[in-house]
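This report concerns helix packing. Two packed helices are described by the angle between their axes and the distance between the axes.

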Amino acid sequence: MSVLNTSRKNVNRGASPLDATGFSKRLDAYFQAHAQVFLASLGRLCRAPISTAMTVIVIAIALALPAVFYVLVDNARQVSEKIVLTNQFSLFMRPGVSDDEAANLANRLLQRPEIASVDFISKQAALDEFREYSGFAGALDILEFNPLPAVIQLQPDEFLVPPEALQVLITELEQLPETGFVQFDLDWVKRLQAIVEFARIGVLILSVLLSIAVIFIISNTIRLELKSRSDEVVVAKLLGATNGFVGRPFLYSGFWYGLFGGLVAWGVVLSVLLIISEPVRKLSLLYQSNYQLVSLGLERSIALLVISGLLGVMGAWVVLVHQLFKMNPK
Amino acid sequence: MLQFDKVNKRYEGTGDALVDLSFHVEKGELVFLTGHSGAGKTTVLKLAALIERCTRGQVILDGENLGRVAARKIPYIRRKLGLIFQDYRLLSDRSVFDNVALPLVIAGFGRREIASRVRAALDKVSLLGKESFYPQMLSGGEQQRVGIARAVVHKPSVILADEPTGNLDPDLSLEIMSLFDQFRQVGVTILVASHDLNLISKMGCRLLYLEQGSMTGGEACQY
């Protein structure tokens with residue numbers, strides 16, 4: 001069967017040659033073509049592994065930097081919130097108040113409805129703790145007596161004692177004869193929160209700047225690719241290709257660069273968190289807490305990959321609008 | 001099918017390429033466009049393929065005034081055409097099959113239909129056995145036949161060829177021309193720009209003679 005004979009049949013039917021296939025068939029062909037280009041652009045990247053890897057690593061670093069900072073700041077924010085929620089405070093005994101008297105006071109305080117829980121730390125326990133964590137064990141051994149007072153840690157009931165009533169309770173406790181002083185210092189928590197907020201905005205600015213950098217890294221890569229494939233683009237346009245058709249492989253290339261960059265960045269973030277998780281745990285133990293670093297989690301991991309893929313597409317789009325669409329046969 | 005009506009084309013800097021050019025190619029006609037280099041042959045083809053637009057006058061292709069076609073509609077106009085170039089313009093990193101399939105891929109055909117049409121087109125130019133070859137593995141004449149297969153695979157109503165035999169020896173040239181004659185016989189309109197008068201005279205087709213952008217003569221068809 002000759003091509004041209006069929007051509008005549010089509011002409012005789014009065015149909016344009018491009019109407020020869022049905023709508024669903026064409027839709028099917030459309031997705032086929034998309035899938036083909038999607039994979040072909042992946043294959044193209046894989047055929048130049050070194051140059052692809054170099055680009056991907058640059059993208060990954062640019063993405064990992066704000067992502068790591070984001071996770072750290074997010075952790076700091078959670079820590080500071082936890083501190084505020086536990087409006088716990090410490091009652092240090094006056095020198096000369098014995099452990100028995102202090103324990104007695106602790107029991108009396110526990111009877112009060114506005115006190116939710118009481119934790120009594122004897123002079124000896126305080127000394128042991130201090131010896132363990134302060135690093136002054138040797139210095140303590142020289143002392144012939146225990147200089148530390150007993151401490152009662154109090155946790156007010158958060159419903160009976162709202163934050164604004166806390167000061168009243170503290171003043172009352174300060175009047176007790178056994179009390180040396182009450183330590184309840186929200187100021188440093190507030191300072192921490194202000195710093196965290198400051199850092200959060202910093203991370204935001206850093207993310208925006210580095211995202212722009214990623215867009216331009218990708219657009220530069222795509223621009224070079226476009227240059228090396230300009231013949232193909234011009235021929236395709238001569239054969240009736242739309243801007244969408246010639247642009248598609250480059251958009252997908254941009255997507256792949258972004259996605260791979262995001263994947264590597266994700267790996268970098270997890271590695272960094274793994275490395276610092278042990279020091280963080282040790283640090284948190286010093287504060288009588290067993291804080292576990294909050295990692296990226298599923299949702300944020302997906303968000304990271306989606307954002308990086310989108311940045312890739314945007315990077316390619318910049319080039320398409322500025323160069324490809326204007327690249328016409330001469 | 002293709003009509004030029006008092007067409008002027010002026011390029012910035014180099015002056016008038018076409019002056020008051022009028023001619024009409026009927027459906028199913030094979031017409032040669034000849035003249036010296038720089039006479040405006042290529043410009044005529046560029047206007048017909050919407051690579052350039054005329055400065056004045058009208059170019060009408062298949063009833064459509066090309067001067068009024070919006071930029072985003074140009075691809076759809078080009079799909080009605082089969083373009084053949086002196087330098088073949090094949091993609092060197094794609095096989096013969098993929099080169100010929102390109103117009104169908106662009107037009108959104110399904111894989112199975114593409115395969116059967118590409119084979120039919122390659123059969124027509126006697127290259128069926130070389131689907132998986134790459135262009136640089138083929139001779140000049142074979143490459144031009146791939147170019148022709150690519151130009152006809154989507155069954156265009158008009159074929160425009162710019163010096164299609166410019167790089168080929170006389171025997172191969174005649175072979176290419178006889179292919180064009182076969183296409184004419186099945187109703188395709190063909191406009192061939194060529195300065196090879198010797199070859200054209202053998203074909204006995206209608207001839208348009210261009211000189212400095214104007215029609216200076218012509219010969220009627222002899223078949």
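The following sections describe two helix pairs in chain B of this predicted model.

## Packing of H5(B) and H6(B)

Helix H5 of chain B spans residues 140-152, and helix H6 of chain B spans residues 170-185. Their axes lie 10 Å apart and form an angle of about 15 degrees. Because angles under 35 degrees count as roughly parallel, H5(B) is roughly parallel to H6(B). The crossing of these two helices is right-handed.

On the H5(B) side, the contact comprises B:Gly141, B:Gln144, B:Ile148 and B:Val152. These residues meet B:Leu172, B:Glu175, B:Ile176, B:Leu179 and B:Phe183 of H6(B). By class, six residues of the contact are nonpolar, two are polar and one is charged.

## Packing of H3(B) and H5(B)

H5(B) also packs with helix H3 of chain B, which covers residues 96-107. The axes of H3(B) and H5(B) come within 7 Å and cross at roughly 30 degrees. With the limit for a roughly parallel arrangement set at angles under 35 degrees, H3(B) is therefore roughly parallel to H5(B). H3(B) passes H5(B) in a right-handed crossing.

H3(B) contributes B:Val96, B:Asn99, B:Val100, B:Leu102 and B:Pro103 to the contact. Their counterparts in H5(B) are B:Val146, B:Ala149 and B:Arg150. The residues in this contact are classed as six nonpolar, one polar and one charged.

## Summary of H5(B)

H5(B) meets H6(B) through residues including B:Ile148 and B:Val152, and H3(B) through residues including B:Val146 and B:Ala149.

Methods: Residues are numbered from 1 along each chain as its sequence is written. Chains are lettered from A and ligands numbered from 1 in the order in which they are written. This is a predicted model: local features need pLDDT of at least 70, side-chain atom pairs count only at pLDDT 80 or more; totals for chains, interfaces and linings use all residues. Axes are lines fitted to C-alpha atoms, for helices over the stretch in contact, and angles run from 0 to 180 degrees between N-to-C directions. Helices (H or I, at least four residues) and strands (E, at least two) are DSSP runs, numbered from the N terminus. Angles under 35 degrees count as roughly parallel, over 145 as roughly antiparallel, 65 to 115 as roughly perpendicular and the rest as oblique. A crossing is left-handed if the near helix is turned anticlockwise from the far one by less than a right angle, and right-handed if clockwise. Two residues are in contact if their C-beta atoms, placed from the backbone, lie within 7 Å. Ala, Val, Leu, Ile, Met, Phe, Trp, Tyr, Cys and Pro count as nonpolar, Asp, Glu, Lys and Arg as charged, and the others, Gly among them, as polar.
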